[in-house]
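Reader: I'd like to go through the aromatic contacts in this one. Can you put the model up?

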Amino acid sequence: MTILVLGDQLHADVGPLAERPDDRVLLIEAENLARKLPYHPHKLTLVFSAMRHFRDRLRESGRTVEYRQVERFADGLEAHLDDHPGDELVVMRPPASRASQRLRGLVERHGGQLEIVENDLFLCSPEQFDSWAGERSSYRHEDFYRFMRRETGYLMDGSDPAGGEWNYDEQNRETPPEGYVSPDPPTFEPDEITRDVQSRVVEAFDGSYDEPPYGGDWADPGPFLWLVTHEQALTALEQFVTDRLTEFGPYQDALVGDAWALHHSLLSPAINLGLLHPRTVIDRAVEAYRKRDRPLNSVEGFVRQILGWREFMRHVYRREMPELGDANQLEQTEPLPPFFWTGMTDMACLGDVIDGVRTRGDSHHIQRLMILSN
């Protein structure tokens, strides 16, 4: 039996990795997945480096880990099953549309068997969501969020929401005062593994970023300072709770020049790769409210992003794809203008957000919702 760990499932304490401590582990680093879209080089560096660090962490704990660097993901599966004919693999369900069917087909094509189990890196199971959704003709996030609060007990006082309100958005639309200086965002110096991955990615760009395998000429990457390990993710979580959570609520919708991160947590990459479990993040924020007197409007607003929106959108995609991918309710037909890629525009807010995407591969939720999406 082999545990297949995908690149967004890098957590050793849940799912098959936790339940089967003696089984072999397989990770596959495939270049063709990096060619699917013109990904930012920081994203590729982040994912591949996090996978390699996770490999080493598992090996240091005594696990047997096969790490295959291949051109195509299918090549990694084929090589594994050539070495272990008829092997039975188990994997947590990937969230991407139709990915489970594709995985099963690849494994069976090469003579193996695949068991797909529930993905324990989320807080709401498909069965829970489907039960809540019932026969609804449409979904409303606020209803689902209240359902999850009741189900988990987060920020609840008995059967009532903490503080008497479910949602404190009205307190979370403030503008920082003149001259306000936000705390520095967490940064992490690349180690040898990350530098090696980064060099490989940069070499693939050949200095121009205008040819395959890794993307187009829109990216203009700056220094890579993102977290890539579980330990770094815990450090970033603690820094957020200590230094930035208090003002996260009132300033979460704000845009300030020269303050690209403001009070945002920057924990999405860690959560989405599995380096941090969402329960760990929410527990820490709620504990800060209960024990460290962090303001409820900030904590509730933060919890809503993870317990509400992240879980909600996962299941909307699960239930509505692939039709959702072709939806076009606004009947948009024109291509995006060139400045959307270059950032060369007199619209200062838009230009600033695009510049951040070009240099860091990053934009926080209000930049995506209120600037890029509009």
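Reader: Are tryptophan 132 and phenylalanine 144 buried or exposed?

Author: Both tryptophan 132 and phenylalanine 144 are buried. Buried means under 20% relative accessible area, exposed over 50% and partly exposed in between, with a 1.4 Å probe and protein chains only. This is a predicted model, where local features need pLDDT of at least 70, side-chain atom pairs count only at pLDDT 80 or more, and totals for chains, interfaces and linings use all residues. Residues are numbered from 1 along each chain as its sequence is written, and side-chain values use heavy atoms, with hydrogens and water left out.

Reader: How many aromatic pairs does the structure hold?

Author: There are 15 aromatic pairs. Rings of Phe, Tyr and Trp (its six-membered ring) pair if their centres lie within 6.5 Å; planes under 30 degrees apart are stacked, over 60 edge-to-face, and the rest tilted. Tryptophan 132 and phenylalanine 144 make an edge-to-face pair, at 5.4 Å centre to centre and 70° between the planes.

Reader: Which ring pairs link into a cluster?

Author: Phe129, Trp132, Tyr139, Phe144, Phe147, Trp309 and Phe312 are linked by ring pairs into a cluster.

Reader: New topic. Which ring does the charged end of arginine 55 sit over?

Author: The ring of tyrosine 67, with the charged end 4.7 Å from the ring centre. A charge sits over a ring if NZ of Lys or CZ of Arg is within 6 Å of the ring centre and within 35 degrees of the ring normal.

Reader: And what does arginine 314 lie over?

Author: Arginine 314 lies over the face of phenylalanine 122, 4.1 Å from the ring centre.
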